[in-house]
Amino acid sequence: MLDQIGSKWAVLVMGELGRHGARRFTQLRQQLGGISEKMLTQTLRTLERDGLILRTVYPEAPIRVEYEVTPLGQTLRGPLKALTEWSTQHIEEVVDARKKYDERTTK
């Protein structure tokens with residue numbers, strides 16, 4: 001469970017759906033620059049399977065599919081927001097630590 005919740009794309013998908021409400025696949029893909037169609041599909045399926053998002057199919061021509069955060073998923077928004085804020089606040093420190101580590105281990 002932690003592997004999925006902590007994955008880059010799961011965090012970004014949950015954030016996008018949490019901020020903007022129901023979204024279609026193409027809207028998500030456009031907002032999440034750099035994600036492949038395959039990775040977005042896998043991420044959405046996993047989040048749906050875990051009960052964190054809901055996939056709704058509307059019987060229209062063409063068929064319309066939307067994804068939205070479930071009540072269970074809403075309970076995860078606070079912890080994910082805190083993780084995102086921590087990452088933003090400490091990114092420079094992490095980059096510096098990585099650089100020092102790499103310098104020590106490549107000598």
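Two bridges join strand S1 (residues 23-24) to S3, and the two strands run antiparallel. Strands here are DSSP runs of E with at least two residues, helices are runs of H or I with at least four, and both are numbered from the N terminus. Two strands are taken to pair if DSSP finds at least two bridges between them. The model is predicted, so local features need pLDDT of at least 70 and side-chain atom pairs count only at pLDDT 80 or more, while totals for chains, interfaces and linings use all residues. Residues are numbered from 1 along each chain as its sequence is written, and side-chain values use heavy atoms, with hydrogens and water left out.

Within it, Arg55 is bridged to Tyr67 of S3, and Tyr58 is bridged to Arg64 of S3.

Strand S3 itself (residues 64-69) is mostly covered, with five of its six residues buried. Buried means under 20% relative accessible area, exposed means over 50%, and partly exposed lies in between, with a 1.4 Å probe and protein chains only.

S2 and S3 form a hairpin with five residues between them. Pro62 is found in this loop between S2 and S3. The peptide bond from Ala61 to Pro62 is cis, with omega near -5 degrees. Most residues other than glycine have a negative phi, and most peptide bonds are trans.

On the S2 side, Leu54 lies in the strand. Leu54 counts as partly exposed because its relative accessibility is 42%. Leaving aside neighbours within four places in sequence, Leu54 is in contact (heavy atoms within 4.5 Å) with Glu66, Tyr67, Glu68 and Thr70. Leu54 and Pro71 are 17 residues apart in sequence and 9.6 Å apart in space, C-alpha to C-alpha.

Thr70 sits in the loop between S3 and H5. With a relative accessible area of 13%, Thr70 is buried. Not counting residues up to four places away in sequence, Thr70 touches Gly51, Leu52, Ile53 and Leu54.

The helices come next. The 13 residues of H2 should span 18 Å at 1.5 Å a residue, and the end C-alpha atoms of H2 are 18 Å apart, which agrees. The expected span is 1.5 Å times one less than the number of residues. Buried residues of H2 include Trp9, Ala10, Val11, Val13, Met14, Gly15, Glu16, Leu17 and Gly18. Just after H2, Gly21 takes a positive phi of about 80 degrees.

Two packed helices are described by the angle between their axes and the distance between the axes. For helix H2 (residues 8-20) and helix H5 (residues 71-105), the angle is about 115 degrees and the axes are 10 Å apart. H2 passes H5 in a left-handed crossing, meaning that the near helix is turned anticlockwise from the far one by less than a right angle, with clockwise giving a right-handed crossing. From H2, Val11, Met14, Gly18 and Arg19 meet Gly73, Leu76, Arg77, Leu80 and Thr84 in H5. The residues of this contact divide into four nonpolar, three polar and two charged. In this scheme Ala, Val, Leu, Ile, Met, Phe, Trp, Tyr, Cys and Pro are nonpolar, Asp, Glu, Lys and Arg are charged, and the others, Gly among them, are polar.

Gly18 of helix H2 counts as buried because its relative accessibility is 17%. Not counting residues up to four places away in sequence, Gly18 touches Val69 and Arg77. Gly18 and Val57 are 39 residues apart in sequence and 19 Å apart in space, C-alpha to C-alpha.

How values were computed
Axes are lines fitted to C-alpha atoms, for helices over the stretch in contact, and angles run from 0 to 180 degrees between N-to-C directions.
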